[in-house]
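Trainee: I would like to learn how to read a structure like this one. Where do we begin?
Mentor: Have the model open, and we will take it feature by feature.

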Amino acid sequence: MSRHDYSTARTRTDGRAPISTIRWGMAILGAGVLGLVSVQPVSAEDSVRMLIANSRQPFPADITGKPLLLGVPQAETQTRPTEAVQALDPVETAALYFYAKERQTERVEAEIKRLQALHPGFVPPKDLYITADTIVPDETDLWALFANDDFTGIDAEIIRRKAEDPAWEPTPDFQDKLTHKKLRVRMKELTEAQDWLALIDIGARIDPATEQDVDLVWMRIDALSAAGDRDGLARTLRGVLVREGKDRLSDENLIITLQKALRDFPASEIRQLAATLWPENSEMYLPSVLRLDLARKEISEFNADKDAAPVSPNALRLLSVEARNSRKPEDLSLLGWHDLKMENPQAAEEWFSIAMEIAPDPENAKGMYLSLFRQKQDKKAYEFAATHLEDLSDDAVFLMNVLSPRFGKPDEGAISAEAVHAYSTAIMETNAAGHAEVLGWYAYNSRQFDAAEAWFRQSYGWEASADRIKGLALTLMRLDNKKDYAALKQEFAAVYPDIWPEITVASVPKARKAASVRTPAAGVKSNYVKHFEAKNYSACLRDIDRLGARASKPSVAVIRGWCELGLKRFGEARVSFETAMAASGQVRSDGIYGAGLALLGARLTDEAEALITAWPLPAARQRELKTEIYYQRARSSFDHKQFDRTLAALDARAGLVAESRDLMQMRAWAHYHLGQTQQAKAIFRQLNMVIRDSSSLAAIELIKNSEGR
């Protein structure tokens, strides 16, 4: 990549994400369009042997299909004639002289062998080390800038030196290391920003079968995993795991890589792969940390899949010993849920009891309740739930199912005020008509008629039924509200004719001790909405999934879309927002806007433009999406060296919003590459007038030199 290439060293300087409305700071950066929204998830069954099969398959290290070997000059990858060559071009021997100057004898010998293989007959000079001291340039300043990641300063220094000596070039060693470090810095930035699509794009330059910096491979693995690209992930993992000889990873790095693979592939497949990496050892003698992680994954898979095969005794024994020694809550929970699924609630109770002592949380509380309930210890189970309402409130549906039997049979024991509050809150959070009716009957039977009327009305308002109208009618009779009773009967006599004879002969409930029931609270937000507002997107999606059929409502789908967008699941977010677009008013507008953001997040720029052309949006939102569309087009065109298109996109964007310094630099370099040096120079001068910029000064100097001034 040219040292003047804008895309290698420039980042946004205005501190503003391209789409500022996304509060979670989604950074839509990088070049190219990867339609990963079309990547279909692969089931566990389909993925079997993805890592094992074709392990010797060449890795396509570049999206163009051409292998890119980092650290190897392009000349080395080309086939050369085998004629004897005694004198080589200085560029080809630069690395040899550099290593000689640095007295890196092993690398000198390796470089000589490489040159001899490429050029049979090549003989190194006898005074190699003496000659190297005189011809290799001093790059001390460049290496000092390199150590500080000052890429702009490096560009400026290179331009300055070439201005003094047009024939001068940095040594191949420096150029290789600079290219590699720029790649590492950029990938780290994208990882921290969780811009997985851009990271996948730039990481395509890496060949996992040869890359020496394993951190770069791991960053690519993390990006592919986050984006759900299972096929690309499998190929990358194969490339890094099947290395042999000197290229083989250390055991420590192999373990870390396999641990990453366990996130996306079955334990059985990783176990097979591990056996090929340590073939001299049986399964029991694999690295202990890996054996433990394999056991955890195997049990986790069993817990999550109703049709999964039983867990191996070795895995259970291994994790049981570890859990008793380390008392890690996650291990205790895994074993508890395993025993519940195996219908051994007594053993499950033991695991969850320990887990609740160490780390009480919603999942462990649910497991403990179910362990007691399935042992038919109903009273003990309810008492546990009543003392852990806060934990169980995390799952409103579960909590209502736990508490409702006691409200339906109040004679079985007293109900606390805290339990009533938790139950009523959960009802309002989930719009649970059936549970609202239960609470209405509890209030009615305890002669709390005002509360009963409110809960019956609330229940019927969510979902009509005969019993709810019956409860409301009875309550109005007890309140002696003859007017409302008559109106209710007139409205529903024909709809529910069978309930009225029963109502007229019903006896008045006897007074009894009961917990106080309040009328439905106004303004109670659903749990998923609260999680969304707190930016706890995973919890938000979990609660929406618990809603069942209600999750398909446009008003719920739009919240799902925002949460999926927050997790950068652009394909899923697009589907959710399209569901919301079926509504009207604000929900529909939010759906259109969200769908546009999802398309732009997936780099589907043309589709985003088609969307906002076909669907109306408020002017501010339309301008915001168009601004990002033109930014993405400018960036992509620049990276593909289509500089006329770059300028067209920048012009269109500038008609909407003011142009930032980084885009002004892009514009200037586009003019420069089109040979429009006067326009380029004028822009660089303008940039330097506001803030002294070494890169702009270096660019101006470069243009002057190219013009012969």
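This is a predicted model: local features need pLDDT of at least 70, side-chain atom pairs count only at pLDDT 80 or more; totals for chains, interfaces and linings use all residues.

Trainee: How do I read burial, and how many residues of α30 are buried?
Mentor: Buried means under 20% relative accessible area. In α30, 11 of the 13 residues are buried, so the helix is largely enclosed by the rest of the structure. Among them are V556, R560, W562 and E564.

Trainee: Which helices do those buried residues pack against?
Mentor: They pack against α28 (527-533), α29 (537-545), α31 (570-580) and α32 (585-601).

Trainee: Can we look at one residue of α32? What does D590 touch?
Mentor: D590 has its place in helix α32. Its relative accessibility is 15%, so D590 counts as buried. Leaving aside neighbours within four places in sequence, D590 is in contact with V558, W562, F577 and R621. V558 and W562 are among the buried residues of α30.

Trainee: Which residues of α17 are buried, and what do they pack against?
Mentor: The buried residues of α17 are P345, A347, A348, E349, W351, F352, I354, A355 and M356. They pack against α15 (313-326), α16 (329-341), α18 (362-373), α19 (378-387) and α20 (389-392).

Trainee: What about a loop residue? Where does R327 lie?
Mentor: R327 lies in the loop between α15 and α16. Its relative accessibility is 36%, so R327 counts as partly exposed. Not counting residues up to four places away in sequence, R327 touches E322, L332, I354, E357 and I358. Take R327 and I358: they are 31 residues apart along the chain, yet their C-alpha atoms are separated by 7.9 Å.

Trainee: Next, aromatic rings. What describes a pair?
Mentor: A pair of aromatic rings is described by the distance of the centres and the angle of the planes. Planes over 60 degrees apart count as edge-to-face. The count here comes to 19 aromatic pairs. One of the pairs is W143 with F146: 5.2 Å centre to centre, 70 degrees between the planes, edge-to-face.

Trainee: Where do W143 and F146 lie?
Mentor: Both lie in helix α6 (residues 140-147), three residues apart, about one turn of the helix. W143 counts as partly exposed at 25% relative accessibility, whereas F146 counts as buried at 13%.

Trainee: How are the rings of F407 and Y442 arranged?
Mentor: Their centres are 5.1 Å apart and their planes stand at 75 degrees, so this pair is edge-to-face. F407 lies in helix α21 and Y442 in helix α23 (residues 433-445), so the pair ties together parts 35 residues apart in sequence. F407 is buried at 3% relative accessible area. Y442 counts as buried at 4%.

Trainee: Which residues do ring pairs link into a cluster?
Mentor: W441, Y444, F449 and F456.

Trainee: How many cavities of 30 Å³ or more does the structure hold?
Mentor: Three. The largest cavity has a volume of about 90 Å³. Its lining includes D394, E429, N527, Y528 and R546. Elements giving two or more residues to that lining are α21 (396-408), α22 (417-430) and α28. By class, the lining has four nonpolar, three polar and five charged residues.

Trainee: Last, the whole protein. How many helices and strands are there?
Mentor: There are 38 helices and zero strands. Buried residues make up 48% of the 709 residues. Among contacts between residues at least 6 apart in sequence, 63% join residues at least 24 apart.

Key
Residues are numbered from 1 along each chain as its sequence is written. Side-chain values use heavy atoms; hydrogens and water are left out. Buried means under 20% relative accessible area, exposed over 50%, partly exposed in between (1.4 Å probe, protein chains only). Helices (H or I, at least four residues) and strands (E, at least two) are DSSP runs, numbered from the N terminus. Contact means heavy atoms within 4.5 Å. On a 1 Å grid over the protein atoms alone, a cavity is a set of points where a 1.4 Å probe fits but cannot get out, and a pocket is an open set with protein on both sides within 12 Å along at least five of seven lines; lining residues have an atom within 4 Å of a point. Grid points are joined across faces, edges and corners, and a volume is the space filled by probe spheres set on the points. Ala, Val, Leu, Ile, Met, Phe, Trp, Tyr, Cys and Pro count as nonpolar, Asp, Glu, Lys and Arg as charged, and the others, Gly among them, as polar. Rings of Phe, Tyr and Trp (its six-membered ring) pair if their centres lie within 6.5 Å; planes under 30 degrees apart count as stacked, over 60 as edge-to-face and the rest as tilted.
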